[in-house]
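Dear colleague,

My notes on the findings follow directly after it.

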Amino acid sequence: MIFRILEEQFAQKSRKSKAADQRFMQLALALGRRGQGRTWPNPAVGAVVVKDGVIVGRGWTQPGGRPHAEPVALAQAGEAARGATLYVTLEPCSHVGKSPPCADAIIAAGIARVVSAIEDPNPDVAGQGHARLRAAGIAVDIGLGAQEAAHDHAGHFRRIRDKRPHVILKLAVSADDKIGAAGRKPVAVTGEAVRARVHLLRAQCDAVLVGIGTVQADDPVLTCRLPGMEARSPVRVVLDRALRISGTSRLVHSARATPLWVMTSSLSEAPAAMKLGAAGAQVIRVPTTSAPPPGLDLMGVLHALAEKGITRLLVEGGARVAASFVAGGLADEIWLLRGPDTIGADGVAALDALPLSAITGSPAFKVRASDTMQNDTLTIYERA
């Protein structure tokens, strides 16, 4: 009888401990997401220091990627970090970069236990951070919150493993699967709540990409226009093989305030590139495809962006660009925003000549989440 009571008490204590671990890891994940879009080329990590069930330090990777989340949380905890538990959404770094290794800071702070969501695939880390902590006598638990952490750090993982960013394709379509009116004229197909959500998504991405057709048709500015978040606008990227972008466009006019990168071919005219450079834009030459119709090689574009540190790329259009990413297997995540109204048979199809079922009916994608915003719906697909 006594043994059964002791076993039940131990089980209750274990359940409470696991529940606490999950709660603190969820907080660390939420903190890490605060940095998305601002920390590239570094991942947006979150960290929480807990002593005797009380949070004594919180941190997330700061703009520009430094300082990292762990030293921020440890600095806030101070002496309370000694004997405490650190919850972190990615393996602490173990190498000397532009800042000292986080693993060394954790050891020096006297942390007794580290709960780490997932191992860092960066070959400079790749298990070495966890190993260094264990060698110092710190208990290390790995895997709690791993699925969420893998999604949150998908851009970092993709850049390390595949030398390209994580690609999020946004499609705002009418009830009859159109994205524009006849003659490629722009038309609002979703409401204000969706537009606000898209602007938030822009702030959470490192860069936003459109084709030259969208620039000529819509003259977009592609910034985040949520009140108080204007400074979190992503790098604007335009696919423009022949450098047809106008010097009077709003993108070029705002190039000194918000970075503008124009991806073009090696054959585009030098004078046009010089004019864009003088306006504050950066011209980046990438390979072209040989198959008709001629265009920029998307993998070459993605490699170039990754080399410049971009980890999370939002693709906003137009139809031909979106279709190219889907057909090329380069869309990792798709945000399908659908309005309640129809445009008509002469409207612009969402994926040009490709049916929308290439996403909605494809075994290559699965639904991760869905939501309703006023009269509109959002369905998020991810690669299966």
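In this predicted model, helix α6 (residues 154-162) has Ala154, Gly155, His156, Phe157 and Ile160 as its buried residues. These buried residues pack against α5 (146-152), β6 (166-173) and β12 (312-317). Just after α6, Lys163 adopts a positive phi of about 60°. A network of salt bridges links Arg158, Asp162, Arg164 and Asp332.

The count of salt bridges comes to 16. Among them is the pair of Asp104 and Arg132, with an N to O distance of 2.8 Å. This pair links distant parts of the chain, since Asp104 lies in helix α3 and Arg132 in helix α4 (residues 128-135), 28 residues apart. Asp104 is partly exposed at 35% relative accessible area, and Arg132 is partly exposed at 32%.

Ser94 is found in the loop between β3 (85-88) and α3 (102-109), and it counts as buried because its relative accessibility is 7%.

Two further salt bridges may be of interest. Arg195 pairs with Glu192, the closest N and O atoms being 3.3 Å apart; the two are three residues apart in helix α7 (residues 192-203), and so are separated by about one helical turn. Lys366 pairs with Glu382 at 3.8 Å between the closest N and O atoms. That pair connects strand β15 (residues 365-373) with strand β16 (residues 376-383). Lys366 is partly exposed at 42% relative accessibility, whereas Glu382 is buried at 18%.

With kind regards

Terms used
Residues are numbered from 1 along each chain as its sequence is written. This is a predicted model: local features need pLDDT of at least 70, side-chain atom pairs count only at pLDDT 80 or more; totals for chains, interfaces and linings use all residues. Side-chain values use heavy atoms; hydrogens and water are left out. Buried means under 20% relative accessible area, exposed over 50%, partly exposed in between (1.4 Å probe, protein chains only). Helices (H or I, at least four residues) and strands (E, at least two) are DSSP runs, numbered from the N terminus. Contact means heavy atoms within 4.5 Å. A salt bridge is a side-chain nitrogen of Lys or Arg within 4 Å of a carboxyl oxygen of Asp or Glu.
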